[in-house]
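Hi,

Here is the structure I promised to pass on to you. Please open it beside this message, and then read on for what turned up in it.

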Amino acid sequence: MPIESSQSVDSIVLLLEEENEERTQVSEREESVGEMVIRRGAERDMAGINRLLNQVLAVHNAGRPDLFKANTKKYTDGELQAILHDDERPVFVAVDEKETVLGYAFCVFQQYVDNNILTDIRTLYIDDLCVDETLRGRHIGRQLYEYVLEFARKKGCYNLTLNVWECNPTAKAFYEKCGLKPQKTGMEKIL
């Protein structure tokens with residue numbers, strides 16, 4: 001922005017704030033990252049999302065076939081459509097210039113209002129984050145995570161949480177590298 005000598009410091013600050021606010025509004029809709037764009041998922045993304053959901057299921061089935069079925073879908077098409085339209089369960093996708101889904105993040109807002117023991121903080125829970133297995137190592141997952149983290153901040157969330165399966169040490173290492181710390185530990189004894 002060119003600055004004219006007749007402008008006061010206050011008017012320059014105001015113009016910069018307005019310019020920054022416009023950028024923030026644009027970045028809330030979509031964020032361009034190189035040739036990749038991160039945006040809210042839409043019905044047109046369902047085939048790509050389902051392809052990645054199958055990759056996640058294969059990892060979980062390989063690690064815990066006693067818990068995860070093989071060759072099935074996590075969501076029916078109707079369930080996925082409903083999620084994509086639900087503002088309380090935002091889904092973000094990373095797409096290339098051809099609109100191919102490179103990765104996604106399924107999120108859920110959580111809040112326990114008037115709970116007997118829990119405070120009423122607002123949390124954004126990442127239910128699922130995946131990058132196409134052929135594209136890993138290109139920082140797409142990190143960019144998706146950072147986008148979701150900033151989205152949670154803008155929405156006034158206290159924290160961002162997720163669960164990771166012990167049978168997926170690569171995912172666990174990725175989340176630790178992103179700065180996440182254990183909040184609680186789920187344990188089991190198979191009988």
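Leu118 sits in the loop between S4 and S5, where helices (H or I, at least four residues) and strands (E, at least two) are DSSP runs, numbered from the N terminus. With a relative accessibility of 43%, Leu118 counts as partly exposed; buried means under 20% relative accessible area, exposed over 50%, and partly exposed in between (1.4 Å probe, protein chains only). Together with Tyr112 and Ile117, Leu118 makes a nonpolar surface patch of about 350 Å². Such patches are made of residues with over 30% relative accessible area and no salt bridge, where like charges are joined within 9 Å and nonpolar side chains (Val, Leu, Ile, Met, Phe, Trp, Tyr) within 5 Å. Accessible areas come from the Shrake-Rupley method with a 1.4 Å probe, and for residues only the protein chains shown count as cover.

A word on the model before we go on. It is a predicted one, so local features need pLDDT of at least 70 and side-chain atom pairs count only at pLDDT 80 or more, while totals for chains, interfaces and linings use all residues. Residues are numbered from 1 along each chain as its sequence is written, and side-chain values use heavy atoms, with hydrogens and water left out.

Now for the charged pairs. The structure holds 15 salt bridges, a salt bridge being a side-chain nitrogen of Lys or Arg within 4 Å of a carboxyl oxygen of Asp or Glu. One of them joins the side chains of Asp127 and Lys74 (3.4 Å, N to O). Asp127 belongs to strand S5 (residues 122-131) and Lys74 to the loop between H2 and H3, so this pair ties together parts that are 53 residues apart in sequence. Both ends are partly exposed: Asp127 has a relative accessible area of 29%, and Lys74 has 44%.

Helix H4 (residues 140-154) contains both Glu146 and Arg142, which are 4 residues apart, about one turn of the helix. These two form a salt bridge whose closest N and O atoms are 3.1 Å apart. Another salt bridge links Glu150 with Arg153, at 3.6 Å between the closest N and O atoms. Glu150 and Arg153 are 3 residues apart in H4, so about one helical turn separates them. Glu150 is partly exposed at 34%, whereas Arg153 is exposed at 53%. Elsewhere, salt bridges that share partners join Arg39, Arg44, Asp45 and Glu99 into one network.Glu99 has another feature to look at: its phi is near 70 degrees, a positive value in a residue other than glycine. Glu99 lies in the loop between strand S3 (91-95) and strand S4 (101-111) and is partly exposed, at 38%. Asn71 also has a positive phi, near 55 degrees. Asn71 is found in the loop between helix H2 (46-63) and helix H3 (77-84), and is exposed, with a relative accessible area of 82%.

Last, which residues of H3 are buried? They are Leu80, Ile83 and Leu84. Seen down the helix axis, the buried residues of H3 fall within an arc of 100 degrees, so they line one face of the helix; the arc is that of the directions from the helix axis to the C-beta atoms. They pack against strand S2 (36-40), H2, S3 and S4, with contact meaning heavy atoms within 4.5 Å.

Happy exploring!
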